[in-house]
Structure formats: structure tokens, C-alpha cells
Amino acid sequence: QSGSTMATLNLRALTSWVGIARLLAVLLSCLSFSLVASTGQFEAPYGTWCMFTWCFCFAVTLLVLLLELLELYPLLPLSWDDFTSAFSMLAALMVFTSSVVFPATFISSPCSGSQCARQAVATTTSCLCFLAYALEVSLTRAKPGDISSFLSTVPGLLKVFEAYVACLIFSLLDTREYTKQSGLMWCVAVYSICFIFTLLIIIFTIGRCLTYIPCSLEKVLVGYNVLALLMYFTAVVLWPLYCFRGQSRPNSCDKNCPWNKNLGVTFLTIFNLIAYLVDLIYSTRMVFFRAP
């Protein structure tokens, strides 16, 4: 019986390049949240977000490794390759954000003492953790022409990026600011509608539900990308027009200043516009220019 138990172990889950990247991500995320926890300085929303990111990525990556090691993942009612591709992309984005936000928020200048040293090392391990997840994304990305796992293709990975950027936009929005003008409310509607549809595509893909849609899914996705691109184009024009018209940056403007948050939303809107454009180009090539 012990022999049959050992036979179910898939050691390639740990020894392959993807497995090694995941092991590194587990180790580095653990180091990051342990070092920051030892300082006791992770209060406020930004610190809580960084700690959540490292703990969440550590826990899910460890679970992925265990399920692959014990070969239990085929029992799950989901597309495993789509799930792991989407998660590695999401983890890379989350850890990258934390690697920027944490030092900008908590490491002051001049920096001295053991607490500052631990914060600096935590930032370094977080950056290395991002590289580990980026390596996993590159290793698991689908080869050109292979669409068996949609979320491992470039359009699939971009769907995760688009949804994540929309979440960052929501985190910067201030209800008191955008409810004053109809142009800004339209922009928020654009962010919300595109986020909901993109998230549904990701969830339905992982849950293997897209096959039940009674139409040409690939062409529907191209049409959606066209619509999302046009909507984001209007937001790129309207958001800065309504936010900064007749307003200059206040002299006393910290990280919580509405002007800075509006500027952040502006840049994130541009990032998502570019993402939807690239998504449309790749999706169009996959649907209309695929080799027979």
C-alpha cells in the first residue's frame, strides 16, 4: 500500500522549472511577510494590502504545489491550466504592486536601524518574488497557435491584467469627487462594466462554462474587445478633462490627496486602453488569421 501511495507522487511538480519557480515564490513571499511582521509596521490600508498579498500568494502557491505533487488537481471541477495561468499572472501583478507600494509608504529617508534594514530586505525579497511569478508566467504561456488553455495565451493573460488594473482604479476612486459630474460618472461606469465582463470571462473559462454559450465565443470576445476599447478611449479623454479642468496641483498634496489619486486613475486608464488594444490585436489574429 505504501508503494501505491508513493506512485501517486508527481515529483516533477517540484523539480521542473515551473515547480522551482513556484518553490521560490513560496519561500520569498514567506520571507517578505515574516520580515514585515517582525517590524510591526504594516498598519493603514497600504500595509494591510501588502501583507495580504504576500500571505495570499504564499498560501495559494503552496496549495497548487501540494495538489500537483499529490496529483489531486484532476478531481477539481475546473480547468487547472487556466486556473494556474490566471493565478500566476495575478500574483505577479499583486506582488509587483506591493514591491512598489511598501517601500514608498514605509521606508523613510534617511533610513537606519534594524527595522529599516528588515523593511529593505523585505522589499528585495518581494521584488525577487515578483520575478519568480513572472518566470512562471513565461514558462506556462501557451505556444503560438495553441488555444487549449485560453488564460495562458496572450489575450487570456491580458484579461487578468485588465481586471487587476480596474481594481486599482476602484481603489483610487473617491465617491465625493466623481459623483459631482456626469462625465466622471460615465468613466466609472466604463470601468465597472468592462471589469464585470472581463471577470466573468475569467471565471467562466476557469469553470469550463464557456462551452455552453450557443454562439461563436472567439468572435464574441473580439466584439467585446472592440467595445471595451472604444469605451476606454472615451474615459481616457473625459477623466482628465473633467478632473483637471481649471485645477492645478495643490502645494500641500500628499499620497491621499484627491489630485494625486485622479492622476493615478488617468495613468491606469491609459494602461488599460493599451491593454485592450493589444488584446484586440492578438484576439483578431487568433480568430481570423489562424493557420488551418
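Reply:

**The H3 and H4 pair**

The crossing of H3 with H4 is left-handed, meaning that the near helix is turned anticlockwise from the far one by less than a right angle, whereas clockwise would be right-handed. This is a predicted model, in which local features need pLDDT of at least 70, side-chain atom pairs count only at pLDDT 80 or more, and totals for chains, interfaces and linings use all residues. Residues are numbered from 1 along each chain as its sequence is written, and side-chain values use heavy atoms, without hydrogens or water.

Helices are DSSP runs of H or I with at least four residues, numbered from the N terminus. Helix H3 covers residues 17-39 and helix H4 residues 44-69; they pack at about 150°, their axes lying 9 Å apart. Axes are lines fitted to C-alpha atoms over the stretch in contact, and angles run from 0 to 180 degrees between N-to-C directions. H3 and H4 are therefore roughly antiparallel, a term for angles over 145 degrees.

On the H3 side, the contact (heavy atoms within 4.5 Å) is made by residues including Gly19, Arg22, Leu23, Ser29, Phe33 and Val36. H4 contributes, among them, Met51, Trp54, Phe58, Leu62, Leu65 and Glu68. By class, the contact has 14 nonpolar, four polar and two charged residues. Here Ala, Val, Leu, Ile, Met, Phe, Trp, Tyr, Cys and Pro count as nonpolar, Asp, Glu, Lys and Arg as charged, and the others, Gly among them, as polar.

H4 is also one of the elements that give two or more residues to the lining of the largest pocket.

Technical notes. Angles under 35 degrees count as roughly parallel, over 145 as roughly antiparallel, 65 to 115 as roughly perpendicular and the rest as oblique.
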